[in-house]
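Here's a quick walk through one protein model, a few pieces at a time. Have the viewer open and follow along.

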Amino acid sequence: MGLSVKEMLDIDVFSDAKLLGGAAGLGNEIKGATIIEAPDIVRFINGGEVLLTRFYAFQSCTQEEFDSYFRKLAQKRVSAIVIKRGNDVEDIEEKVRYIREFAEEYSVPVLEVAFKLSFREILRPILERLFNEEVRRLKYFKTTHDNFTALPFSHGSGDDSLQKILDVLEKLIGNPVALFNQNMDYLAGTEGSITRMEISDQAEEYQPKFYSNYTYLRQKVALRGDDRAECEQYLVKWRVMYNRRVYLVITASVRAFGDMDDIAVENAVTALRQEMFRQHSVEELEEKFRNDIITQILNGNIHSRKELEREVGHLGIPIDADYRVLIFKLWNEGLGVFEKLNEQFKFDSILRDAVINEFHDVRIRNDVDQVIVIQQIRQGQRQEDYRRELKGTVDRIQKRISQKNRNFKVRAGIGKEVEGILKISDSFKEARDSLEFIGIFEERGGEQQGPHIVFFSDMGIFKLLCKVGSPDELYEYIPESLQKLLHYKKQQRQELIHTLNTYLDRNQNLTKTAQELFIHYKTAAYRIDRIIKITGIDMNNASEVLAVRIGLIVYKMIENMKR
């Protein structure tokens, strides 16, 4: 005969254990050991196991469900049950009383150990007595795998599935764990876990004692800002979908990372990955449904009140409130456009996450490389207060983007405030038009370091140009004098147009124009003389100069349309 329950009690870890009932079964042979942290684990039990539980799997189940579960355990003929009594379980004393009765009825010894003991500390000596090192690790791999596999099917699983997986992992390894996205935003964690995370330059790759599909890192961190209280931190990173990375962070602040903890972590990551993939797929379907509704609203494709009430009901926003549409886009000041498509996906995702983090109670829609926000306006809010509040919000979004890449600037086009859902399409068109004008009106030379924001209401006469639908129609707004320059020799045309633009932007100051263009003063003067000879522009005629300035802006609009 192998190891019996009575012999197991001679192991040091059980020196202070209390026998709560089932003494008649002390002679039961132990054939294995497993952990109960998901009720459905009973499906993976073969019989003869020692079961370890802290009642986490039963924290909110009814007495009937509890009774049904233990009757299934009796049919499996388990050898013993080891419990840790936590305070976060409903009716814990009633459930302990029931287990005592179960122990006596079925001759299954029930032992209680100190709550501070980790499952790893209890399992290891039992498995060492039963199996050699390799088999012991395989058995532990199976018991952790079975628990994490059973969790998604357990009673009450749902939106908190990720939290349940983290809670189980924390109980297995005895250290706090936390989950972060690729932007280092805290997603979930156990009690005592960190809520802010940085990857140190000194972080090194850590290789677990088995082949892994994931990347492990190890680094030293200071607890509570005290450099003397350092501990090891383990990071596991993987991809959920496309370019979305996730980090599982284990902070070894309670006990050292054990030789079998990496097994529990590996199985937890697999469970987290599968659950996040499931949630992402569901969210994608829900988001697509919401996006379809938002698209209809933005494009003004909802006409009847009945249809409007049905569609808006899915978005959970009032029909007759006041709204405004905002559109955000990233601009790479170094290149103008992204060099690689995956880089654009990455930073579009960062922009979307930043917008979601900063705006509350809004409806957001991704449109290729733009983030569209439908914002409900607070009653009685003054325009100047709204502008100041919005600038602060966009500044914070810019700060988050700059932490990833200082070349990327946030552009925001703001539509007018409208009354009711049916008029949102008007605000959307204005936000889109004002976003188009940002590239035309924004200051040059890096003078504006923060994000670029344009309210459609501030565009003055240029609102009229937005109503012109084609490049040919727009061309009619360019003065004849400037048209001559636009048709000049191709190899010199862009240089002269740029010089004219800069000259007018610098109030016809040749010194400042030369400095801005990094050319000699005489070179700037020569170019301006050439321009005057080609076009016949009277630089002393304020009306003509204004017409040319407008013409240059119209020319930029035409160029944008052709792209």
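## Strand β12 and its partners

Let's start with β12, which pairs with strand β14 (residues 370-376) in the antiparallel sense over seven bridges. Pairing here takes at least two bridges between two strands, as found by DSSP. Strands themselves are DSSP runs of E with at least two residues, helices are runs of H or I with at least four, and both are numbered from the N terminus.

How much of β12 is buried (under 20% relative accessible area, with a 1.4 Å probe and protein chains only)? Nine of the 11 residues of β12 (residues 322-332) are, so this strand is largely enclosed by the rest of the structure.

## Ground rules and totals

This is a predicted model, so to speak of local features a pLDDT of at least 70 is needed, side-chain atom pairs count only at pLDDT 80 or more, and totals for chains, interfaces and linings use all residues. Residues are numbered from 1 along each chain as its sequence is written, and side-chain values use heavy atoms, with hydrogens and water left out.

As for totals, the protein has 18 helices and 17 strands. Of its 563 residues, 51% count as buried. Take the contacts (heavy atoms within 4.5 Å) between residues at least 6 apart in sequence: 67% of them join residues at least 24 apart.

## R378, a loop residue

R378 belongs to the loop between β14 and α10 (383-404). Its relative accessible area is 48%, which makes R378 partly exposed, a class that lies between buried and exposed, the latter being over 50%. Along the chain, R378 and D322 are 56 residues apart, yet their C-alpha atoms are separated by 7.8 Å.

## The five-stranded sheet

Now for another part of the model. Five strands make up an open sheet with mixed pairing, in the order β1-β5-β4-β3-β2. The edges belong to β1 (18-21) and β2 (32-35); each has a single partner strand, so one side of each is left without a neighbour in the sheet. From one strand to the next, the twist averages 25 degrees.

Within this sheet, β4 (residues 80-83) and β5 (residues 110-112) pair in the parallel sense over three bridges. V82 has L111 of β5 as its bridge partner. Lying across β1, β4 and β5 is helix α3 (residues 92-106), which runs at about 75 degrees to β1. For angles like this, axes are lines fitted to C-alpha atoms (for helices, over the stretch in contact), and values run from 0 to 180 degrees between N-to-C directions.

## Two helix pairs

Helix α2 (residues 63-76) packs against α3 at an angle of about 30 degrees, with the axes 11 Å apart. That makes α2 roughly parallel to α3; the label covers angles under 35 degrees, while over 145 is roughly antiparallel, 65 to 115 roughly perpendicular, and the rest oblique. On the α2 side, the contact residues are Q63, F66, D67, F70, R71 and A74, and α3 supplies E94, K95, Y98, I99, F102 and Y106. By class, that contact has seven nonpolar, one polar and four charged residues. Nonpolar covers Ala, Val, Leu, Ile, Met, Phe, Trp, Tyr, Cys and Pro; charged covers Asp, Glu, Lys and Arg; the others, Gly among them, are polar.

Next, look at helix α15 (residues 490-505) and helix α16 (residues 510-517), whose axes come within 9 Å and cross at roughly 130 degrees. That makes α15 oblique to α16. H498, T499, T502 and Y503 of α15 meet L510, T513, E516 and L517 of α16. These divide into three nonpolar, four polar and one charged.

## Two positive phi values

S107, in the loop between α3 and β5, has phi near 55 degrees, a positive value in a residue other than glycine. At a relative accessible area of 27%, S107 is partly exposed.

D361 also has phi near 55 degrees, positive in a residue other than glycine. D361 lies in the loop between α9 (341-358) and β13 (363-367). Is D361 buried or exposed? With 60% relative accessibility, D361 counts as exposed.
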